[in-house]
Amino acid sequence: MGSVTAIFTAENRIHPAAEAILQEAISQGWSDPTKLHHSSRRLAQLLSEAQASFSRSLQIPAESIHFLGEPTLGFHLGANGFASSGETYLPATSRQEAFAAISSRQTQTLPVDIQGEWAVPAGEREDLLIIQTVNLETGAICPDASHFQGDLFVDSTSDPLGKIPKNWSAALWDSVSWQGPRGLGIFALKDHTRWTNPLPHNDHRVVPGGANPALVIASAVALEASIAERRTSQDKLQEFNSYIRSYITSEIGDVDIASPINAAPHLLSFSFLYVQAEQLVDDMEKRGFSIDSGSACISANIEASHVLAAMGRLTHGNIRLRLYPSTTREDIEGLLINLKDLVEDQRRSL
Amino acid sequence: MKVVDARGKLCPQPIIDLAVEVRNSNSGEILQLLSDDPATWADLQAWSRMTGHLSRQVNSATFEVEV
């Protein structure tokens, strides 16, 4: 297998700025920040600075931030910590982790149309709405949920720049989405009074175990760098996104583009008719291009993407791309030429 | 009615088998597709939208398509 030269997958190498600081953070992050030794106080100071950095980057109050050693745990905290008497609403294109986390509440799955759009219910005070700021697969942006009357749990695990509505109650981010170190989530809670910890607990802490301090510090650095790069590369990514859409439609054809035209520019999902995604992903990897797919044949649970199925999009032959600030025009050209070649190759047997 | 038996085959093969048969059929003909792949109905609806054909689900493993 050849070496990968261009990464278009949801996960990428840790950001160089974070990698540079990670080793130093591990050296300094061995002590217990709650104790009074010199090293503990020093670490507590670094963590406080990291928390302030996250607060600035994500535009949420520092005191609302809690670090998770397991990001997926945040779905449980957000879905099950609010009043249990009402309905839980979530769109059909929500993450599987959100569906899996809901335990005892009455749940209404909100239907989506072919563009991934859905109607935000008015809700009542005891209800919960789980939204995704930016859909992880398609990049579809969440509709305005500011009129929802109940609690709002915001899944922002796909994009640190996703817009958090003013009426948010809880929110979740994943360090991987900004090329921070893996194994760190950020759970934010706006108001503790309406939330009860659904985890076994014996004190006021939201997350008893916390997270590795070295990962927190390195992730804060990655986030600052990543946001700065994203802001300056938005136009470039939008141009690449438009170019890919145009190329796969006119030069390859028989393609179903699941990402709405106004989706986040760094995410793009499309499916080629009569193409087996597993083979396509393998062949692309051999040619140096790392890509994802939501098709059943390469899914861990052997089921096609529920997002594509809910939207009525083609589920086979699916390709998911994530464009990075570091993605170059040369990467895109190489990706498209090889996709065209391999798709045509598979369709020859038709 | 022509029958395309794709039982036991996984996506995208049932849709490929169907498309080959559609090519060899006359406009207005009805084809029956047999497929037990759980993704078939979702993909058949998407295929119908993309190619301009009408399709319907008869039961969980039987589908009809108008060429």
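Reader: Let's start with one pair of residues. Which residue does Ile65(A) stand opposite in E8(A)?

Author: Happy to begin there. Ile65(A) faces Ala188(A), a residue of E8(A). Please keep in mind that this is a predicted model.

Reader: How should I read the side chains along a strand like E8(A)?

Author: The general idea comes first. In a regular strand, side chains alternate between the two faces of the sheet. Now the case here: Gly185(A), Phe187(A) and Leu189(A) point one way from E8(A), while Ile186(A) and Ala188(A) point the other way.

Reader: Are the residues of E8(A) that point one way and the other way buried or exposed?

Author: Both sets are buried. Strand E8 (residues 185–189) of chain A has 5 of its 5 residues buried, so the rest of the structure largely encloses it.

Reader: Let me step back to the sheet. In what order do the 7 strands of the open sheet in chain A come?

Author: The order is E2-E8-E7-E6-E5-E3-E4, and the pairing is mixed. For a parallel case, look at strand E3 (residues 87–91) of chain A, which 5 bridges join to E4(A). There, Tyr89(A) stands opposite Gln108(A) of E4(A).

Reader: Which strands stand at the edges of that sheet, and why does one side of each lack a neighbour?

Author: They are strand E2 (65–68) and strand E4 (106–110) of chain A. Each has a single partner strand, so one side of each is left without a neighbour in the sheet. As for the twist of this sheet, the average is 20° from one strand to the next.

Reader: Now the whole of chain A. How many helices and strands are there?

Author: Chain A has 8 helices and 12 strands. Its radius of gyration is 21 Å, close to the 20 Å that the globule rule gives for 350 residues, so chain A is as compact as a globular protein of that length. Along the principal axes, its C-alpha atoms fill a box of roughly 70 × 50 × 35 Å. Of the 350 residues, 46% are buried. If you take the contacts in chain A between residues at least 6 apart in sequence, 65% of them join residues at least 24 apart.

Reader: Into which domains is chain A divided?

Author: There are two entries: domain 1 (6–11 + 233–347) and domain 2 (16–226). Their C-alpha centres lie 28 Å apart.

Reader: How do I read the place where the two domains touch?

Author: Begin with the contacts, then ask which elements supply them. Here, 18 residues of domain 1 of chain A are in contact with 16 residues of domain 2 of chain A. On the domain 1 side, strand E10 (267–272) and helix H7 (306–311) of chain A are the elements that give two or more residues. H7(A) gives the most, with 4 residues. By class, this side divides into 9 nonpolar, 7 polar and 2 charged residues.

Reader: On to chain B. In what order do its elements run from the N terminus?

Author: They run β-α-β-α-β-β, and the chain has 2 helices and 4 strands. A compact globule of 67 residues would have a radius of gyration near 11 Å, and chain B agrees, with 10 Å. Its C-alpha atoms fill a box of roughly 30 × 20 × 20 Å along the principal axes. Buried residues account for 31% of the 67 residues.

Reader: Finally, how many residues of chain B are in contact with chain A?

Author: The answer is 14 residues of chain B, in contact with 17 residues of chain A. Helix H1 (13–23) and helix H2 (40–51) of chain B each supply at least two residues of this side of chain B. H2(B) provides the largest share, 6 residues. By class, the side of chain B that touches chain A has 12 nonpolar, 1 polar and 1 charged residues.

Conventions. Residues are numbered from 1 along each chain as its sequence is written. Chains are lettered from A and ligands numbered from 1 in the order in which they are written. This is a predicted model: local features need pLDDT of at least 70, side-chain atom pairs count only at pLDDT 80 or more; totals for chains, interfaces and linings use all residues. Two residues are in contact if their C-beta atoms, placed from the backbone, lie within 7 Å. Ala, Val, Leu, Ile, Met, Phe, Trp, Tyr, Cys and Pro count as nonpolar, Asp, Glu, Lys and Arg as charged, and the others, Gly among them, as polar. The radius of gyration is taken over C-alpha atoms; the globule rule is 2.2 Å times the number of residues to the power 0.38. A residue is buried if 20 or more other C-beta atoms lie within 10 Å of its own, exposed if 12 or fewer, and partly exposed in between; C-beta atoms are placed from the backbone. Two strands pair if DSSP finds at least two bridges between them. Axes are lines fitted to C-alpha atoms, for helices over the stretch in contact, and angles run from 0 to 180 degrees between N-to-C directions. Domain bounds come from an automatic or database domain assignment.
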